[in-house]
Protein chains: 2
Amino acid sequence: MPNLPQLENYQHRVNQLLSEKLDTLMVNDEKLLDAMRYGLLIGGKRMRPYLVYTTGQALGASMEDLDGIACALECIHAYSLLHDDLPAMDDDDLRRGKPTCHKAFDEATAILAGDSLQTLAFDFLANHPFSVLVDGKRTKLFQLLVQASGYSGMCGGQALDLSATNQAISINELENLHALKTGALLKASVAMAAECVESITASQKTSLNQFAELVGLAYQVQDDIIDITSSEEELGKPKGSDIAANKSTYPALLGLEGAKQKADDLYQESLQALATLPYNTQNLAEFATFIVRRTH
Amino acid sequence: MPNLPQLENYQHRVNQLLSEKLDTLMVNDEKLLDAMRYGLLIGGKRMRPYLVYTTGQALGASMEDLDGIACALECIHAYSLLHDDLPAMDDDDLRRGKPTCHKAFDEATAILAGDSLQTLAFDFLANHPFSVLVDGKRTKLFQLLVQASGYSGMCGGQALDLSATNQAISINELENLHALKTGALLKASVAMAAECVESITASQKTSLNQFAELVGLAYQVQDDIIDITSSEEELGKPKGSDIAANKSTYPALLGLEGAKQKADDLYQESLQALATLPYNTQNLAEFATFIVRRTH
């Protein structure tokens, strides 16, 4: 597995901030708060916060401004996992090798914890002490998060995913599904981080968005690949679970070798998008490398 | 049933705006969009929008500014109903005399439609064209909605409600539960509308908040009363469903006469809070009257 610069540092930073935020919430219902903590802090790679910090650092943003964005995106991601794992959705018992939230608690609590974590994402944007520069762009940050997470983004993608289960879909439909389901939040990670710097131009933002889109797709292609090539121990969940659930996957549509080629093509294009930028984007390139080389 | 001034006018206005907003969403997954429309436009009294418009009109706010707030609050309310009705939560088959969203569609779609409606609430706040005066308070509006709807508000109250099922709780615990579960959004309706006027003082905001808190509690007491005194046809759901679900209610704790007295005490206090305000609050007083006199 390739090494990601600063990974542990950024993971520790965002975990600390998320934990501190939960500590500030008045205790109304301890079980709900415990379930929110479980869903938010059970583990995970923290890819979205990593992308926020790495993009922001490349562009010269302040870490303190990026904190609010990293936490907001991780809350959206965490809530989506809680709801996706529910019996009525993907019906998963394990997540990251541990019982899913509705198994550790109960379904009602997992639904409410997910709902509360979505609100907590907007709480971070509404209450984070952004610097003067970024504070004026708070509304823009809200617009980007709304676009990426709701019907026009992640939730829409999850609905397409459910509709596509047990049906053959085309490669274009699969790409659209993943562009919404996972791509939208990764793209927002980069776009929201870019709002934290003054000097960036519109065309530079476009290149960054292209990079994020391509890496987002590569991420999903690689996810489908490792679902069939990794061990259950590495995955923390049953191997081949997507295929077992009759979901369309890139290896199913393109063959395993075709899917590997696809991931590599997307990777090369993402590096080309980065190359147009007048910043030191080495760590973003290493992020792209990590995405297509990871084995679990 | 007492008459509510402008009720149909405000209902029509908010329904129109919600419907138009849904029409602007790009079609990704038709079933999800249909379920969002079903959840948002199936009917309902539109009490939160009514309170937004009535408060704002009393204080001299513009209807156009109030629109964004009314729509945002109704989206939060609608999402909470979709999730509360789920089998894992209250397991209701009927809502307003029609099949609940998970019955009309399916559970996964109802979960996702609820999630998307929560995001849509923040979409309204992020993208509504507020006038210059209110635009500068957009962050404050976000803060108020976050506080009212998430763990510290509505979701926290729903969790307390679930925890209290099949258990005896005290009258103070019941009041806290309802202050969060339904009171927080009613209070936010008034507080967010008050952000749309410049001239209001801090002490006047406090009086308005007291009014909203008292009316919110009265609303729930009356809800518990009509759950046992109204016909199923009037309720649009089985009579006595709260008692059947072993939920604590005001009539159970205070007796039916005691609960009626409680509703009337809260009503009188709410009128006293209004009386301190230098605005024509007659329509807000009529709202309070409606709340404690309604029979379904």
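Guide: What follows describes the largest cavity, then some related features.

This is a predicted model, in which local features need pLDDT of at least 70, side-chain atom pairs count only at pLDDT 80 or more, and totals for chains, interfaces and linings use all residues. Residues are numbered from 1 along each chain as its sequence is written, chains are lettered from A and ligands numbered from 1 in the order in which they are written, and side-chain values use heavy atoms, with hydrogens and water left out.

The search of the whole structure gives 3 cavities of 30 Å³ or more. A cavity is a set of points, on a 1 Å grid over the protein atoms alone, where a 1.4 Å probe fits but cannot get out; its lining residues have an atom within 4 Å of a point. A volume is the space filled by probe spheres set on the points, which are joined across faces, edges and corners.

The largest cavity holds about 90 Å³ of space. Its lining consists of B:Tyr38, B:Gly39, B:Ile42, B:Ala78, B:Leu81, B:Leu82, B:Asp85, B:Arg95, B:Arg96, B:Pro99, B:Thr100 and B:Cys101. By type these are 7 nonpolar, 2 polar and 3 charged residues (Ala, Val, Leu, Ile, Met, Phe, Trp, Tyr, Cys and Pro count as nonpolar, Asp, Glu, Lys and Arg as charged, and the others, Gly among them, as polar). At least two lining residues each come from helix 2 (30–41) and helix 4 (63–84) of chain B; helices are DSSP runs (H or I, at least four residues), numbered from the N terminus. Helix 4 of chain B gives the largest share, 3 residues.

In chain A, the second largest cavity has a volume of about 70 Å³ and is lined by residues including A:Tyr38, A:Asp85 and A:Cys101. Helix 2 (30–41) and helix 4 (63–84) of chain A are the elements that give two or more residues to that lining. The largest share, 3 residues, is from helix 4 of chain A. The lining of the second largest cavity divides into 7 nonpolar, 2 polar and 3 charged residues.

Conventions
On a 1 Å grid over the protein atoms alone, a cavity is a set of points where a 1.4 Å probe fits but cannot get out, and a pocket is an open set with protein on both sides within 12 Å along at least five of seven lines; lining residues have an atom within 4 Å of a point.
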